[in-house]
Amino acid sequence: MPGAGRPLIITEDPQLLDDLLRLCAAAGAEPHVHHAVPEQSGGGGGGGAVRGESVSGAALETGGSVGWESAPLVLVGDDAARRVRGAPRRGGVLLVGRDPDDPLVWQRAVEIGAEEVLRLPDAESRLVDRIADVVEGAGKPALAVGVIGGSGGAGASTLACALALRAARAGERTILIDGDPLGGGMDVLLGGESAEGLRWPDFAGSRGRVGAGALEESLPELHALRVLSWDRGDRVVVPPAAMRSVLAAARRRGGVVVVDLPRRVDEAVAEALAQLDLVLMVVPGELRAVAAAGRVAAGVRMVARDVRLVVRGRCPGGLDAEAVAGLLGVPLAGEVPVEVGLPGRVAEGEPPGGQARGALARFCDGFWRRALGPAPGVAA
């Protein structure tokens, strides 16, 4: 569509224009620029300025250029507000300036139907976010699911891989994020340790907004999903700001994001937990594992909004999955029977969840049907 993803800038202020062009570049946008409001018959996009009290919407539409009504976002400089006062009302109009003490700014905003008044430089990050939303086509965020082990060797990484694989095979845009630097690498589990693409150390310095499209395209693609894992270097820490920025970018593309989490809740893990819609805690069917999981659950529930239990295998001593959930005080998401032969197949290069008739794949398929079905949220 004309002007898709490209904001319209209307201003005659050279300094403000420089600022707006810089912020558009930071958001990955190529704006259409009108240094002055063009004549209705201009046809060229940058011609004579209209000096009257107001201008019609038609006067803002020029041949070969995005116009007032077709632009996804309109950035109106303070200097141009009076001249666009008669334009048709529409969403996505921002009044931008630099004077924080202007007493008439809100009056001008009402006159042009602006959604927001942004004062630079204080509102630069907010403006970059608005522009980037236009470029990326902001829509419904991804469903973000974390997987954490209730004890050592619980199989959380295996479940995270299988969830991501089954979502991708169901046609969902899927990103798998390895949040456990000591876990050996999700790319290894998927047989892609040599695949080209960026790893966590490349994003360690990320702050502020990370481009969602650029993130997705930079990651290795394995089994129809994108994977953010670790390289074989010595870095074992994700700065909290990097985790916040990267996970937010992954969610903006929609679809599904699966995060494999370590059992230790540090600052970076807390940042991830705060953005997740749901955390699945995997607990093996063993009494010692159940005891250990109580401590993990207590730490996770301090940050996460929704924690559910996945019991792997049967507990001895007559404890079924519902009883384990009751002991831990965590709602039950389901039970995954032990899948015979799975470790051997993974060692031979088959990804977890690769066999559609296997117990792991069936659990994951059922989970996504509930999570992504017509009803919002995830059924217990």
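Modeller: The protein chain exposes about 16,800 Å², and carbon and sulfur atoms supply 51% of it; such accessible areas come from the Shrake-Rupley method with a 1.4 Å probe, and for residues only the protein chains shown count as cover. This is a predicted model, in which local features need pLDDT of at least 70 and side-chain atom pairs count only at pLDDT 80 or more, whereas totals for chains, interfaces and linings use all residues. Residues are numbered from 1 along each chain as its sequence is written, and side-chain values use heavy atoms, with hydrogens and water left out.

Biologist: What makes D187 and R199 a salt bridge, and are these residues buried or exposed?

Modeller: A salt bridge requires a side-chain nitrogen of Lys or Arg within 4 Å of a carboxyl oxygen of Asp or Glu, and the side chains of D187 and R199 meet at 3.2 Å, N to O, so the pair meets the rule. Buried means under 20% relative accessible area, exposed over 50%, and partly exposed in between, with a 1.4 Å probe and protein chains only. D187 has a relative accessible area of 1%, so D187 is buried, and R199, with 7%, is therefore buried as well.

Biologist: Where in the chain do D187 and R199 lie?

Modeller: D187 is in helix α5 (residues 186-189) and R199 in the loop between α5 and α6 (200-203), 12 residues apart. Helices (H or I, at least four residues) and strands (E, at least two) are DSSP runs numbered from the N terminus, and the protein chain has 13 of each kind.

Biologist: Why is E350 called partly exposed, and what is R345 called?

Modeller: The side chains of E350 and R345 meet in a salt bridge of 3.1 Å, N to O. At 24% relative accessibility E350 falls in the middle class, so it counts as partly exposed, while R345, at 17%, counts as buried because its value is under the limit of 20%. By the rule for salt bridges the count comes to 25.

Biologist: What is meant by a nonpolar core, and which residues touch the most other members of the largest one?

Modeller: A nonpolar core is a set of buried Ala, Val, Leu, Ile, Met, Phe, Trp, Tyr and Cys residues joined through side-chain atoms within 4.5 Å. The largest has 47 residues, of which I177, W200, V257, M281, L309 and L328 touch the most other members. Apart from it lies another core, of 35 residues, among them L143, A156, V336 and C364. In soluble globular proteins, nonpolar side chains tend to be buried together.
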